[in-house]
Amino acid sequence: MDSRFTGVIPIDKPPGVTSRQVVDAVARALGTRSVGHAGTLDPLAAGVVVVCVGPATKLVDFIHQLPKRYEAVFLLGRSSPSDDLETPLEVERDPRRPTHEEILAALPAFRGEIMQRPCDYSAVHVDGKRAYALARKGREVEIPAKLIRINSIEIAAYDWPRLSLDVECSTGTFIRAIGRDLAETLGTRAVMETLIRTSVGPFERGGCLSLADVRPDTVAASLLPALAAVRHLPLVTLADTELDLATRGGLITTIVWHGHETTPPEHIAAVDDASELVGILKRHVSGAYRLRPNFRGKG
């Protein structure tokens with residue numbers, strides 16, 4: 001594959017468009033089917049969708065390690081089955097109106113590692129079916145809570161009934177559920193009105209290519225090297241002999257990486273002498289490393 005068509009490109013998705021449609025637009029512009037994305041953004045939401053092209057599609061799991069930042073607006077005193085405006089609203093007759101100070105006092109419980117129950121209307125699998133498919137049929141959905149991490153959550157604005165929050169969190173966090181659970185602790189209900197993903201790790205909305213501007217020339221010019229997606233990993237430059245061994249599937253026993261880790265890391269980004277990513281070195285049970293994924297060979 002042409003090296004110009006290997007890498008990642010952050011796209012600014014508008015509301016009303018699916019993440020799949022973003023991928024399809026990039027695929028058409030580049031004339032390739034080897035395109036994927038690193039993190040679905042709901043159709044009602046806007047913001048950063050990181051699109052991976054060529055061998056970089058193998059880096060999705062590593063991009064998922066990056067924190068995501070959101071701007072979310074919630075309407076208090078309201079509820080819906082989907083926790084947003086996708087399904088009919090129910091307005092509380094005499095809603096409690098929490099003060100700014102009460103909301104501030106409730107936020108610390110939502111920072112750090114917490115257990116969160118995903119939304120009933122979500123893509124989580126329940127008995128082999130998507131939760132939203134069961135919920136739309138009126139089936140009762142029981143989804144177990146899961147561990148997530150919220151790095152930061154702050155009030156951006158509050159003017160009843162609208163509460164705007166700035167949230168940085170781990171992959172797998174349901175922003176709708178944050179509003180749902182926060183409102184419950186405050187004695188009311190909430191639905192998400194709008195959501196914007198402002199960044200995924202180093203990929204910020206201001207540096208994204210607009211979906212409306214996706215064309216062969218703009219996409220090719222905006223494509224970032226695959227290494228941009230794994231800058232958070234330790235890094236090693238492979239000598240020619242190591243590179244030959246690694247790309248043929250061999251184990252590398254001596255690795256000197258660049259990073260802050262004092263113990264051998266699980267994964268290391270491997271580049272050649274031109275600083276081009278050749279794959280990710282994964283620690284073997286023996287303590288040696290094997291290239292997985294391998295951009296230049298099997299695996």
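# Reading a predicted fold

Q: Where does Arg-20 stand: buried, partly exposed or exposed?
A: Arg-20 is partly exposed, at a relative accessible area of 47%. Buried means under 20% relative accessible area, exposed means over 50%, and partly exposed lies in between (1.4 Å probe, protein chains only). The model is predicted: local features need pLDDT of at least 70, side-chain atom pairs count only at pLDDT 80 or more, and totals for chains, interfaces and linings use all residues. Residues are numbered from 1 along each chain as its sequence is written, and side-chain values use heavy atoms, with hydrogens and water left out.

Q: What is the overall make-up of the chain?
A: Look for seven helices and 18 strands. Helices (H or I, at least four residues) and strands (E, at least two) are DSSP runs, numbered from the N terminus. The C-alpha atoms fill a box of roughly 75 × 45 × 40 Å along the principal axes. Of the 299 residues, 48% count as buried.

Q: How much of the contact count in the chain comes from residues 24 or more positions apart?
A: A contact means heavy atoms within 4.5 Å. Take the contacts with a separation of 6 or more: 67% of them join residues 24 or more positions apart.

Q: Which residues does Val-167 touch?
A: Start with its place: Val-167 lies in strand S11, residues 162–169. Val-167 is buried, with a relative accessible area of 1%. Leave out residues up to four places away in sequence, and Val-167 touches Lys-68, Arg-69, Tyr-70, Ile-150, Ser-152, Ile-153, Ile-175 and Ile-178. Now try Arg-197: 30 residues separate Val-167 from Arg-197 in sequence, and their C-alpha atoms are 9.5 Å apart.

Q: How is helix H5 covered?
A: Helix H5 spans residues 175–185 and is mostly covered, with nine of its eleven residues buried. Among the buried ones are Ile-175, Ile-178 and Leu-182. The buried residues of H5 pack against S11, strand S4 (68–76), helix H3 (100–106), strand S7 (112–116), strand S10 (146–159) and strand S12 (190–200). After H5 comes Gly-187, whose phi is positive, near 85°.

Q: How many salt bridges does the count give?
A: A salt bridge puts a side-chain nitrogen of Lys or Arg within 4 Å of a carboxyl oxygen of Asp or Glu. By that rule there are 16. Go back to Arg-20: its partner is Asp-24, and the closest N and O atoms are 3.1 Å apart. Both lie in helix H1 (residues 19–30), four residues apart, about one turn of the helix. Asp-24 is partly exposed, at 29%.

Q: Which residue forms a salt bridge with Glu-102?
A: The partner is Arg-96, with the closest N and O atoms 2.6 Å apart. Glu-102 is partly exposed at 29% relative accessibility. Arg-96 is partly exposed too, with a relative accessible area of 38%.

Q: Where do Glu-266 and Lys-282 meet, and what does the pair tie together?
A: Their side chains meet in a salt bridge at 3.1 Å, N to O. Glu-266 sits in the loop between helix H7 (240–247) and strand S16 (267–271), and Lys-282 in strand S17 (residues 277–283), so the pair ties together parts 16 residues apart in sequence. Salt bridges can also share partners: Arg-69, Asp-166 and Glu-168 are joined into one network that way.

Q: Which peptide bonds are cis?
A: Most residues other than glycine have a negative phi, and most peptide bonds are trans. Here a cis bond joins Trp-160 and Pro-161, with omega about 5°. Pro-161 is in the loop between S10 and S11. Another cis bond joins Arg-292 and Pro-293, again with omega about 5°. Pro-293 belongs to strand S18, residues 289–294.

Q: What is the phi of Asp-83, and what is that of Ser-275?
A: Asp-83 is not a glycine, yet its phi is positive, about 65°. Asp-83 lies in the loop between strand S5 (78–79) and S6. Asp-83 counts as buried, at 10% relative accessibility. Ser-275 is not a glycine either, and its phi is positive at about 65°. Find Ser-275 in the loop between S16 and S17.
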